[in-house]
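Hello,

Here is the structure I promised to pass on to you. Please open it next to this email, and then read on for what was found in it.

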Amino acid sequence: MEKYINAFTDSFIGNVQWTWRSILFEVPWYMNYFWGLIIISLVVWGLEIVFPWRKNQSIFRKDFWLDGFYMFFNFFLFAIAISGFYKLLEVVFIDIGISAKTLTIIDVSNLSTWVQLLLFFIVLDFVQWFTHILLHKYPFLWKFHKIHHSVKEMGFAAHLRYHWMENIFYKPLKTIGVMILGGFEPEQAYIVHFLAITIGHFNHSNIKITWGPLKYILNNPVMHLYHHSYELPKGSYGVNFGISLSLWDYIFKTNYIPEDSGTIALGFPGDEKIPKNFIGQIIYGFRASKQKKE
């Protein structure tokens, strides 16, 4: 029992210390996710201000400060709170004979750095795309994902506005993705993580970008705006599920971009029932267990 308690506490304390050291600039800049998130956010927000797609949208759009708080809550506070539990599960799995290499299909450890990073990026993005579909398809998962879709005006900070339960759903499947690649993250995985943050910020931003011919590979604000559309194609539970890559949507025919004015209504039928404050939103889904998917 002591082993499990130590694993939990060491991981929790270690994450707190690492985050605090990041704030104080005591970790290498390329691994400093605290200031990295802030810099990326300021750059994308600045581009929103200079090149606004929806010109009538305020710089401090609706729920701007709420979404800003979500960024730090989900990326740091909740991540710290849950880290001990994940470490505890890791120790338990090792004790019952499930190692990080149990599900290995592609061992990337002997490949070049850039190939490792590319495979890491592609596999994890596919896992997240698949998880995203599940969040829309099944009512139990959708009731938590509704918080993300309650955004009524799109901006960069909406990227990390999501119910904390989504961390619980995504993390196990992402871990399986890592196990498929040999059970470890490449040493330079920070490149992939920063790239994903940047693409996610752009996808939710008030900037009209399609990436030209690369739109069939990379997700973009025009495509992702329709993911948040109030009105969806008849009989559909969602479209454009891509996280960083649009590739999966085009391959599996879940792509949908009827026009690019950027003026469509966002949300979903019944979104007026979503609480407007942070506390109400983070407990939403538990007290709304009887609701049906609108």
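**What was found**

From the N terminus on, the elements of the protein run α-α-α-α-α-α-α-α-α-α. That makes ten helices and zero strands; helices (H or I, at least four residues) and strands (E, at least two) are DSSP runs, numbered from the N terminus.

A word on the source before we go on. This is a predicted model, in which local features need pLDDT of at least 70 and side-chain atom pairs count only at pLDDT 80 or more, while totals for chains, interfaces and linings use all residues. Residues are numbered from 1 along each chain as its sequence is written, and side-chain values use heavy atoms, with hydrogens and water left out.

**The whole protein**

How does the radius of gyration of the protein agree with that of a compact globule? For 294 residues such a globule would have a value near 19 Å, and the protein has 19 Å, which agrees. (The radius is taken over C-alpha atoms, and the globule rule is 2.2 Å times the number of residues to the power 0.38.) Along its principal axes, the C-alpha trace spans about 55 × 45 × 40 Å.

Of the 294 residues, 47% count as buried. Buried means under 20% relative accessible area, exposed means over 50%, and partly exposed is in between (1.4 Å probe, protein chains only). The protein exposes about 15,300 Å², and carbon and sulfur atoms supply 69% of it; these areas come from the Shrake-Rupley method with a 1.4 Å probe, and for residues only the protein chains shown count as cover.

Next, contacts, meaning heavy atoms within 4.5 Å. Among contacts between residues at least 6 apart in sequence, 76% join residues at least 24 apart.

**Two nonpolar cores**

A nonpolar core is a set of buried Ala, Val, Leu, Ile, Met, Phe, Trp, Tyr and Cys residues joined through side-chain atoms within 4.5 Å. The largest one has 19 residues, and Leu37, Val44, Met71 and Phe156 have the most contacts inside it. Helix 2 (33-50), helix 3 (64-95) and helix 7 (190-203) are the elements that give two or more residues to this core. Which of them gives the most? Helix 2 does, with six residues.

Leaving out residues up to four places away in sequence, Phe156 touches Ser41, Val44, Trp45, Glu48, Phe64, Met71, His201, His204 and Ser205. There is also a second, separate core of 16 residues, which includes Phe120, Phe121, Val123 and Trp248.

**Some residues to look up**

In each contact list here, residues up to four places away in sequence are again not counted.

- Serine 41 is found in helix 2. Is Serine 41 buried or exposed? Serine 41 is buried, with a relative accessible area of 4%, and it touches Met71, Phe156 and His201.
- Glutamine 128 sits in helix 4 (residues 113-137). Its relative accessible area is 19%, so it is buried. Glutamine 128 touches Tyr170, Lys174 and Ile243.
- Histidine 145 has its place in helix 5 (residues 139-149) and counts as buried at 2% relative accessibility. Its contacts are His132, Leu135, His136, Glu166 and His227. Arginine 161 is 16 residues apart from histidine 145 along the chain, and their C-alpha atoms are separated by 9.8 Å.
- Proline 186 belongs to the loop between helix 6 (165-180) and helix 7. At 5% relative accessibility, proline 186 counts as buried, and it is in contact with Gln116, Leu117 and Phe120. Proline 186 and valine 115 are 71 residues apart in sequence and 10.0 Å apart in space, C-alpha to C-alpha.

**Two positive phi angles**

Aspartate 63 lies in the loop between helix 2 and helix 3. Although aspartate 63 is not a glycine, it has a positive phi of about 65°. At 26% relative accessibility, aspartate 63 counts as partly exposed.

Tryptophan 211 is in the loop between helix 7 and helix 8 (221-227). Its phi is near 70°, a positive value in a residue other than glycine. Tryptophan 211 counts as partly exposed, at 36% relative accessibility.

Enjoy exploring,
Your colleague
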